[in-house]
Amino acid sequence: MLRKQMHEENRQSWNAATEAHNSHKADQAAFFRSGGSTLYPDEIELLGDVRGKSLVHLQCNAGQDTLSIARLGATVTGVDISDSAIDFARQLSVDSGIAGTFIRSDVYDWFEQAAQGDRYDVAFSSYGALIWLSDITLWARGVASILKAGGRVVLLDFHPFSMIYDEAWKPHFSYFNAGEGVHYENGVGDYVAMSGEKLTPSGYVEGVKDFLNPHPGHEFNWSVGEILTALAQAGLTLKLFKEYPYFNGAKLFNDMQPAEGNRFYPPEGMPSLPLMYGLVAEKYTGIGSGS
């Protein structure tokens, strides 16, 4: 069931947070003009060869990863609910000289519009995207509807199991609760400030201090089973599923151990945990609409 009012409150929350996040990042356009990229080896591996492919980046945030994928040779479209994020992405595209189309829309609304004609070789989403979806089944159907026959969806996201912990590594949130969601008086936080240089490849600046989001936020932590089932029921065939014992760039919990490649692991003495997952699923001829 869609929670459109919650989506609207999340839009306002992301508008405020995006301003704070980008305040910590040095000249990003110059970073891209000098050949910089915000992608990690993990998503590059999952994406494979995208040269000459049409790719839509769902919930693209402020477009840094979208434009980095364009650098790999794809024709990119980014979709995000946040006005601030899309405004920033459009300007970054102009200032960096990297072509990209950016659309401000709730992803569910965009699916309805795009399904009338647009089709893509690849649908991509990453890093904390799925928790903002209030209906995972409808999302998967939307993804299938905008893929070409033979197209694929590529996801790299924080593992739902890791989201049961609070910042002090204590189990606090239910794993099976996405239908109800988790609701916060103060929405999206300043995770860029928390992670520092690990999330600012263009260079870290102090920017906004002690950010507290004035808007509420709503998250929906879909389980691995719910995600895979939604994709399968939408007619997409799983080709690859991987789990990773680290976070890329994001220091989401206390005392995480930094490692080579801008990765963060659990504190010393803790067992290895699944902190991220990646998957690739494909749409075959005759499956879903627009095939």
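Before the sheets, a reminder to myself: two strands pair if DSSP finds at least two bridges between them. Strands (E, at least two residues) and helices (H or I, at least four) are DSSP runs, numbered from the N terminus.

**Ground rules.** I am working with a predicted model, where local features need pLDDT of at least 70 and side-chain atom pairs count only at pLDDT 80 or more, while totals for chains, interfaces and linings use all residues. Residues are numbered from 1 along each chain as its sequence is written, and side-chain values use heavy atoms, with hydrogens and water left out.

**Confidence.** I checked pLDDT, the predictor's confidence in each residue from 0 to 100. The chain averages 93, and 98% of the residues score at least 70. Over residues 287-291 the value is below 50, yet beyond near neighbours in sequence this stretch has 13 contacts in the model. Contact means heavy atoms within 4.5 Å.

**The seven-stranded sheet.** In which order do the seven strands lie? I read E3-E2-E1-E4-E5-E12-E8, an open sheet with mixed pairing. Strands E3 (101-104) and E8 (237-244) stand at the edges with a single partner strand each, so one side of each has no neighbour in the sheet. On average, neighbouring strands are turned by 15° against each other, direction ignored. Strand E2 (residues 75-80) runs parallel to E3, and four bridges join them. I found Thr77 opposite Thr101 in E3.

**Helices on that sheet.** My angles run from 0 to 180 degrees between N-to-C directions, with axes fitted to C-alpha atoms, for helices over the stretch in contact. Helix H6 (residues 107-114) touches E1 (54-58), E2, E3 and E4 (120-126), and its direction makes about 150° with that of E1. Helix H9 lies across E5 (147-158), E8 and E12 (276-282), running at about 10° to E12.

**H7 against H9.** Helix H7 (residues 136-146) packs on H9 (residues 224-233) at about 40°, with axes 8 Å apart. Which residues make the contact? H7 brings Ile136, Thr137, Trp139 and Ala140, and H9 brings Glu226, Ile227, Ala230 and Leu231.

**The three-stranded sheet.** I also noted an open, antiparallel sheet in the order E9-E11-E10. Its edge strands, E9 (247-248) and E10 (257-259), each pair on one side only. E10 and E11 (residues 263-265) share three bridges, and Gln257 has Tyr265 in E11 as its bridge partner.
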